[in-house]
Amino acid sequence: MTNSIDNSPASSRNNSPMSHTEASTASSTTEKVALSLKKRHQKEKRFKSIGLFAVLFGFMLVVILIGDITSKALPAFHQHWVKLDVNYQSDWLSVDDSSTQQVLAKQLKSANYRKVLKNSVYQMFSTSTGKKLSRKEKRQLFKLFSTNAEFTIKDALIAAPNQLNKQVTVWVRLDDDVDSYLKEDFAVGEAGLRITKQQAMWLAQLATEARIESRFNVSFFTASDSREPELAGIKGALMGTLLTMFVTLLLSFPLGVAGALYLEEFAPKNRITDLIEININNLAAVPSIVFGLLGLAVIINLFGLPRSAPLVGGIVLTLMTLPTIIIASRAAIKAVPPSLREAALGLGASKMQVTFSHVLPQAMPGIITGAIIGIAQALGETAPLLMIGMVAFIVDVPTSIVDSSTVLPVQIFLWADSPERAFLAKTSAAILVLLTLLLVINVTATVLRSKFEKK
Amino acid sequence: MNKMINSTLTKTIISLSLGTVALMSSVANAQGNSRDTITAVGSSTVYPFSTVVAERFGKNTEFKTPKIESTGTGGGMKLFCASNAIDTPDLSNASRRMKKSEFDMCAKNGVTSITEVLVGYDGIVVANSNASEAMKVSRKELFLALAKEVPAKDGSEKLVTNPYKLWSDINPALPANKIEVLGPPPTSGTRDAFAELVLEGGCKKFPWIKAIKKQNKAKYKAICHSVREDHAYIEAGENDNLIVQKLTANPKAFGIFGFSFLDQNSDTLQGSIIDGQEPTFEAIADGSYPVSRPLYFYVKNAHVGKVPGILEFLTEYTSEAAMGEEGYLTDKGLIPLGEEKLVNVRKNVLSLTPLALNK
């Protein structure tokens, strides 16, 4: 666009002196060429610099975007843990330590770990300060630790039941408010956001005893969604995305290629095929939420497939990506030179043989590009998934295409909507994962394409 | 060489398509008549609370973690009321009470026995960046600032298109800044509640408008619930975090959102004092802050006993540790019911007393 706008005044400027010179002075052809050559070179230079500027500008925007997301995501990749002296007293756990091992193992599963955690923590702090904690102080103190801490100490005891009635050190996560506080640069013992002066003093005490440690946040990759930012991970959403994309690819690629081949190579050219073509082009522009409504009405209500399942998500996204794949595939098939087909037909090959042994391999790079664009679109889609129940809080990691699951963009959307501050970093980190996934898909496509092009 | 590739390609395509068909038919058959996970749908405002309970329930019990969808109150009701079939949701979250029309829709589809659970309260705040001063404003002034049509300045009983540009045009005591309020779009339950509690609350203060209510309810609602469309009220989308970020960037603007977002961002934001009350946890809990709404969820009684764990989930939700004065839901920003009400709610819920809506 820029080029054509830029061109028209230049060419009109170019014309008028030319006609002028022709009319008045009789200059030699070489002079005229030299004059216009300089202008043409200038034009080329100008266009080149505009092009370069456009590329640089685009690149700069990408750098800013990725830089911003990465800087916001960084806090999500490490997490503060604290070392506690946990006292597994059997009367706190309310288990009978004289019972047999089997009975004890069963009792340990449903024991009162909250009480163990509370009492152990109160013990740690009251012995070090020498005075008893008030009720309010106890509440504040207990808030320093993640709500998951009781489950961490439970797992630790179940893994080593001989620690019953002993005092051992266990590392547990700190609460997300504390974690955010420690990640920001507050002076030692200074109150911060949602951290009181008293809590800050306790934290300073823990820090001087070298009980606080910052670790790489493994659970971000191994855990599923949680309402506690310090526990939330992307594994469930990532699995959901992979399963959904698997279904989408499995359905849309063969269907899309078959449809495109039929329409290009076999279908007669008449009104009906014209109508189909128009409809396919229209479908490519339909807002994606419409496909979600269709999915709800037909796939879930009529066919009775389960809600929130990657299978249904995959089918809905297939409807969305099919037109893209068909249109791209048809363009690629059209670009195969007719001489190739005619030569093969001339040698006695059947139409089917021509299509599958000559046309399809030639068109494959283009088809793959189209498929990847379609899949990449589907990868970032949330709107159609709302209707079929994939915008949901799902803790269990899906293992098959009929389990309830959510997908990465939905996870990002849900986290971005959460009031807890620490989810901001999680959101950015999840975006980074999504971008990485996209990058992997694109690289695979490029490798595949160059492989096909060589042949 | 080429031929070989092509034949494998053909085979792959054919086998893939066959596989898909086989897969789909097998799945359709595998759909049984039972379910082992509780499913809930509904309001995105109740979502943060129900999910916390669900997560703890999944960790503390042998049952699976319930699945909570965020579909919006109205959308949730449609799914919930569709039928008593086992593949419909067991619970529906709502940021307002179930409407009579929804109750009737449920009854028409055979969903006749529903238990109502009052979860707690959620305050709606009007907040701005604490780089500027907190505003003291009445609901009447907020109505004048944000309604589409307001009573004429001369005091006559006539409606004119909202003429106010600056806050100080309404009341000289208010700051001389442009009226600029970021709030949720009409699809949001927060917006409904804001219109009902603040705009209508302020609108009623004009006796002649209040008189219209008796003659023409629709007209009254149109006057009191319509929000101006001349860019003084900016629809900022459903994402409250986005509004919070915009307020920090623009200290002169105000935002409308749930109390939990103010609570989480108290270092950068402050709530406006409405009718003399500051939006604090205590003021919302004891009802003195005027803009708070009840949050509910509904239980399909027909599914109790069919889907494992519903009664246990209700027990966990209504327990002292969750909904109580110092329960973990209050840590997430829920305003608790208070001792007496909670005991009452717990009793009704655990005995699955069916809801009856009369109006």
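Analyst: In chain A, buried residues make up 37% of the 455 residues, where a residue is buried if 20 or more other C-beta atoms, placed from the backbone, lie within 10 Å of its own, exposed if 12 or fewer, and partly exposed in between. This is a predicted model, in which local features need pLDDT of at least 70 and side-chain atom pairs count only at pLDDT 80 or more, while totals for chains, interfaces and linings use all residues. Residues are numbered from 1 along each chain as its sequence is written, and chains are lettered from A and ligands numbered from 1 in the order in which they are written.

As to secondary structure, chain A holds 19 helices and four strands; helices (H or I, at least four residues) and strands (E, at least two) are DSSP runs, numbered from the N terminus. The radius of gyration of chain A is 33 Å, well over the 23 Å that the globule rule gives for 455 residues, so the chain is more spread out than a compact globule; this radius is taken over C-alpha atoms, and the rule is 2.2 Å times the number of residues to the power 0.38. Along its principal axes, the C-alpha trace of chain A spans about 110 × 65 × 40 Å. Of the contacts in chain A with a separation of 6 or more, 76% are accounted for by residues 24 or more positions apart, a contact being a pair of residues whose C-beta atoms, placed from the backbone, lie within 7 Å.

Chain A is divided into domain 1 (2-74), domain 2 (78-222) and domain 3 (235-454), with bounds that come from an automatic or database domain assignment. The centres of domain 2 of chain A and domain 3 of chain A, taken over C-alpha atoms, are separated by 47 Å. Where these two domains touch, six residues of domain 2 of chain A are in contact with five residues of domain 3 of chain A. On the domain 2 side of this contact in chain A, the elements that give two or more residues are α8 (176-183) and α10 (219-222). The residues of that side divide into two nonpolar, two polar and two charged, with Ala, Val, Leu, Ile, Met, Phe, Trp, Tyr, Cys and Pro counted as nonpolar, Asp, Glu, Lys and Arg as charged, and the others, Gly among them, as polar.
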